[in-house]
Amino acid sequence: MFTGLISAIEYFEILLPLALILIFSKVLSILCRKINIPQVVGMLLAGIILGCIKYIPGQDILNGDSLEGLSFLAKIGVILIMFSAGIETDFHKFSTTGLPSVVITLFGVVFPVSLGFVVATAFSCGFSSMTEADILTNLFYGTILAATSVSVTVACLKELGKLNSKAGTSIMAAAILDDIIGVILLSLIISIKKGEGSSNIGKIIGMMIAFFAAAIALGLVIKWLLNKISAKYPHRRRTPILAIALCFIFAYAAEEWFGVADITGAYIAGILLSSFKEADYVDSKVETSNYLIFAPVFFANIGINADFSTLNGVMVGFGFAFIAAGLIGKVVGCGLGSLICRYSVKDSLRVGIGMMVRAEVVLVCTQKGIDSGLIDPNIMPFVLILILISTLIAPLLLKLTYKNEPAEPVYRYEHKFLDNIQEH
C-alpha cells in the first residue's frame, strides 16, 4: 500500500561513487599540496578521472540516480564554501591600507571584467549584433574573472617574510572587497537573467537592497544571540550548528524570497559572523564538515560532468584568450590602481601578481553560471587551467620581485585566513 510513496530513485547507488570520490580526492589533494598546488585542483582531477567511468560500456556506477545524488551534495558544498569564505573575511585589514585597498580593488575588478567581456564578445556575436542575452552572457564571463584567491600568495609572502610589507597588506585588504564585489555582480546578472531582461533591473536592484538590509538587521541580532550563547557555553557544538543553520536560512531566503543567488545569501551570512568572537572556531567546524564530504563532491562533480568531446577550435581559442584576460586583467588593473595610490613600480607589480591567483570562488562562480544557463559548460576546463597557471607562476614571480631584499619580521595574526593555511 505504500508503493506509491517510495521514490523510483535508488539513492544507495550514490555510495560507491561517493566512496571513490573521497578516496581519489584525498590522495590527489595531498599530492597537489606537496607540489604547492591548491588542493581543489586534486579534487577536480579526481572528478575528471572518475568521469572516464562513464565511457565504460555496461558500467552502472555513474548512472542517472548516482549523478543526481552527487549533484545534490555538490550544491550543499557550494553553499558551505561561500559561507566559509565569508567568515574568513577580515575587515580589520582596512585599518592598515584604507583608501588604497578600495582603489586597487576597483581597478582589479573593472579591468578583468572588461577584458573578459571584450574577449567573450569577440569570440561570440561580435560588437555590432549583440542582443541583451548576449550582453548578460558576456558580462558573466567577465564577472567570473573578478574573483581572486590569495591563500597561495599569503603563503608565499609569509615564506619570504613580506606578509607585513606594503604590498602584502594591500593584497590582503583588496582581496576582501574583490570577492564581495564579484559575488554581488554575479548575483545581479543571474537575477536579471531570471527576470527575463533588463526591463526589471530597478525591481531587481531594489530586491537586492532589501535583502542586504534585512540580512544585516537579522544577522546583527543573531550574532548578538550567538555571542551570549558562546559566552556561557564556549566552544560547544551548538554554536557552529546554529551558525550553519543561519547560513542555510540566508541562502534559502535570498533565492526564494528576494530572487538573489543562494550563494550570495550564504556569503553574507558568513560576513556577518566574521567579527563573531568564536568565528575561527565556527569556521574550523564548517570546513571540517564541508571538506569531509560536500566540498570534495562539488569539485569532483565538476570534473565528472566535464565533456571535452564538444570542444572545437573556436572554443579552444576563446578559452586561452579568456585565461590571458584573467591573468593580464588582474596584474594591469591592480598594478595601475597601486600606481595611482603612489606605490612604487615594484610594489605595484607585486600587488598585481599577488591578486591574479584564482581558486575555489572562481569555480563556484563558473558553476553557478553554467547552472543558470548563462555560459557554455566547455569553459570549465579553461578555468581549471587558469587556476593552475596563476597558482604556479604567482609565487615564482613574487620571489623574483623580492630577490636580494632582506626578510621583514612576521607577526602572528589571529585570523585563521592568515595563520592556518594547511591541509583541510
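The helices themselves (H or I, at least four residues) are DSSP runs, as are strands (E, at least two), and both are numbered from the N terminus. What you see is a predicted model, in which local features need pLDDT of at least 70 and side-chain atom pairs count only at pLDDT 80 or more, while totals for chains, interfaces and linings use all residues. Residues are numbered from 1 along each chain as its sequence is written, and side-chain values use heavy atoms, with hydrogens and water left out.

Let me begin with α2, residues 39-51, and its partner α16, residues 380-401. The axes of α2 and α16 come within 11 Å and cross at roughly 145 degrees, and the crossing is left-handed, a word that applies if the near helix is turned anticlockwise from the far one by less than a right angle, with right-handed used if it is clockwise. On the α2 side the contact (heavy atoms within 4.5 Å) is made by V41, L44 and I48, and on the α16 side by L384, I387 and L388. Sorted by class, this contact has 6 nonpolar, no polar and no charged residues, where Ala, Val, Leu, Ile, Met, Phe, Trp, Tyr, Cys and Pro count as nonpolar, Asp, Glu, Lys and Arg as charged, and the others, Gly among them, as polar.

Now, α16 also packs against α13, residues 313-340, at an angle of about 35 degrees, and here the axes are 9 Å apart. This crossing of α13 and α16 is right-handed. From α13 the residues involved include F320 and I323, which meet a group in α16 that includes F382 and I389, and the contact of α13 with α16 divides into 11 nonpolar, 2 polar and no charged residues.

I37 is buried, with a relative accessible area of 13%, since buried means under 20%, exposed over 50%, and partly exposed in between, using a 1.4 Å probe and protein chains only. Leaving aside residues up to four places away in sequence, I37 touches C32, L388, T391 and L392. The C-alpha atoms of I37 and A359 are separated by 10.0 Å, although these two residues lie 322 residues apart along the chain.

For contrast, is D60 buried or exposed? D60, in the loop between α2 and α3, is exposed, with a relative accessible area of 54%.

Grid points are joined across faces, edges and corners, and a volume is the space filled by probe spheres set on the points.

There are 2 cavities of 30 Å³ or more. The largest cavity has a volume of about 70 Å³, and its lining includes L44, I48 and L384. The helix that gives the most to that lining is α16, with 3 residues. The second largest cavity holds about 30 Å³ of space, and its lining has 8 nonpolar, no polar and no charged residues.

The second largest pocket has a volume of about 410 Å³, and of the 21 residues that line it, the closest to its centre are K75, I76, I79, D262 and K368.

Finally, why is helix α11 described as largely enclosed by the rest of the structure? It is because 11 of the 11 residues of α11, residues 262-272, are buried. What covers the buried residues of α11 includes α3, α8, α9, α10 and α15.

Notes: On a 1 Å grid over the protein atoms alone, a cavity is a set of points where a 1.4 Å probe fits but cannot get out, and a pocket is an open set with protein on both sides within 12 Å along at least five of seven lines; lining residues have an atom within 4 Å of a point. Axes are lines fitted to C-alpha atoms, for helices over the stretch in contact, and angles run from 0 to 180 degrees between N-to-C directions.
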